Amino acid sequence: MIISRQITQRIAFVLLTAATILTAAPIVLVVGYIAVVGAPAITVDFLASAPHDGMRAGGIWPAIVGTLYLTLGTGVIAVPLGIAAAIYLAEYAKDNRLTRAIRIAIINLAGIPSVVYGLFGLGLFVLFLRFGTSIIAGCLTLSIMTLPVIISTAEEALRAVPQSFRVVSISLGGTKWQTIRRVVLPEALPGILTGVILGLERAAGETAPILFTAAAFFLPRLPNSIFDATMALPYHLFVISTQVPGMPLKVQYGTALVLLTFVLSMNLIATMIRSRARARRQW
Amino acid sequence: MNHANAKIVVETLSVQYDDGTESLRDISLAIPANQITVLFGPAGGGKSTLLRALNRLNDLVDGVRLGGKIYLDGEDMTGASVDTVALRRRVGMVFAQPVPLPMTVRQNVTYGLELAGVRDSRKKEAAVEKALRAAALWDEVKDRLNAPAAALSGGQQQRLCLARVLALEPEVVLLDEPTSGLDPISTAKVEESLQEIKRDYTIVIVPHSVQQAARIADYAAFFLQGELVEHGAGQELFLAPKDKRTEDYVTGRFG
């Protein structure tokens, strides 16, 4: 039987639209459900006080602060390192066996399951370097996980800067570094920042890498130094969902909502930076 | 010409690419100071390669091998130990496509100066006006110095690129088909400013047509497939070429 072209076209349209809706629906449902169930839990007390009564009451303040510390600390380590590596790969590295190997290593690093990073961090930072379960060990572990994202997006952003800008700058008596610092980096910055935020956002939401390296089950106070363990939102969520019997549901969803808001607002900032830079661009 | 008033002397220069193709073959040429020297000929003749050899921009391309010598004021510029950054400040370059840097008009002009370490803002201001005047652009942009350079028209952008080079007060200005993308009026303005500035600078230009070559040449060199066929004073070469191939090209029989 021959189906007319119009009907084929109609079927294709319906199928493609359905696929799109099917993909978008879970996102809307997840966010919506968490928001609806979790919202009643969100009070000043919930956000700003420590948990008590075996974590069944009180708030999540130490976990919020812990996640902030971990994210910031990861940024401090991974951002300069990642951008520097990206500059090397994009601007200085010749295409040879060594740099190809480095690139393959970075790509593979991005594919490693996050629990493996956690185990590696436990072995290297917690045990071998004797940092103990601590913020610093968690940040270092998260940094290793985040670096591939930062390096590859930053390298891509640097490569997108027109070659002619570099030639012009060199021809005006610029050194390679002057050219990078004054022309290439400013041009690539929005793209680099997007990568940075996307990487840090992943670090903020991960549980496995901090499971053995930084996270404390329960800590009534805030950490005092980078060598202290800390509570963190994703791990806290894991704990109150699986380890504490009789946990009120709205506390779990409230915690999830806070974590989600944290991560999504980072996403929003990244999007804003990108669209702003695009609007400003005139060349 | 004798070498006494030559700014640049090219001696048995050859440029080869890694894949074996030869871009320039055994070129010897003296470029006179304070004149407009025109390098012309059909595409692929090696004119741009020679320009890029003069301020070592070929260094940026992998797999280029260079033989022979290039003397600037009697000093060899081809060695590995030559300070290419200093050389490029003495020998500036304007490209075929105007590439304004992603900054304001003013910042484009002061860019090279700032790279060279000039901090004094009064000095920079003065240089901006002087360079833009020399490039015949001042009147058009004096009220738009803080506008993005990319907002200028193509012809204005190309004169901005010239101004940007002149701000460094180089000794030699290289121009690679600087008017290829411009309308006749902008072209005339660029040519006019070249005539103005040759008092202070040595100019080497790859023109975008034989007509332009004939219009502006004080001294001319004809390139064909990597070979320097003939060179001499502009009028002589265009009116009475010695080589048959030059004559054929100049009279429009090929090219």
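**Exercise 1.** Over how many bridges do S4(B) and S5(B) pair, and in which sense, parallel or antiparallel?

*Solution.* Begin with the conventions. This is a predicted model, in which local features need pLDDT of at least 70, side-chain atom pairs count only at pLDDT 80 or more, and totals for chains, interfaces and linings use all residues. Residues are numbered from 1 along each chain as its sequence is written, while chains are lettered from A and ligands numbered from 1 in the order in which they are written.

Step 1. Strands (E, at least two residues) and helices (H or I, at least four) are DSSP runs, numbered from the N terminus. Two strands pair if DSSP finds at least two bridges between them.

Step 2. S4(B) and S5(B) are joined by two bridges, in the antiparallel sense. Leu72(B) has Glu75(B) in S5(B) as its bridge partner.

**Exercise 2.** Describe strand S6 of chain B (residues 91-94) and its pairing with S7(B).

*Solution.* Step 1. Sort the side chains by direction: Val91(B) and Met93(B) point one way, Gly92(B) and Val94(B) the other way.

Step 1. Check burial. A residue is buried if 20 or more other C-beta atoms lie within 10 Å of its own, exposed if 12 or fewer, and partly exposed in between, with C-beta atoms placed from the backbone. All four residues of S6(B) are buried.

Step 2. Find the partner: S6(B) runs parallel to strand S7 (residues 172-176) of chain B, and four bridges join them. Val91(B) stands opposite Val172(B) in S7(B).

**Exercise 3.** Why does Leu60(B) count as partly exposed, and which residues is Leu60(B) in contact with?

*Solution.* Step 1. Locate the residue: Leu60(B) is in the loop between helix H1 (47-54) and strand S4 (64-72) of chain B.

Step 1. Leu60(B) counts as partly exposed because it has 15 C-beta neighbours inside 10 Å.

Step 2. Two residues are in contact if their C-beta atoms, placed from the backbone, lie within 7 Å. Leaving aside neighbours within four places in sequence, Leu60(B) is in contact with Val167(A) and Ile170(A).

Step 3. Turn to the contact between the chains, which takes 19 residues from chain B and 15 residues from chain A. Helix H2 (84-90) and helix H3 (105-115) of chain B each supply at least two residues of the chain B side.

**Exercise 4.** How many helices and strands does chain B have, and why is chain B called as compact as a globular protein of its length?

*Solution.* Step 1. Chain B has 10 helices and 10 strands.

Step 1. The radius of gyration, taken over C-alpha atoms, is compared with the globule rule, 2.2 Å times the number of residues to the power 0.38. For chain B the radius is 18 Å, close to the 18 Å from the rule for 255 residues, so chain B is as compact as a globular protein of that length.

Step 2. Of the 255 residues of chain B, 47% count as buried.

Step 3. Check confidence with pLDDT, the predictor's confidence in each residue, from 0 to 100. Chain B averages 91, and 98% of the residues score at least 70.
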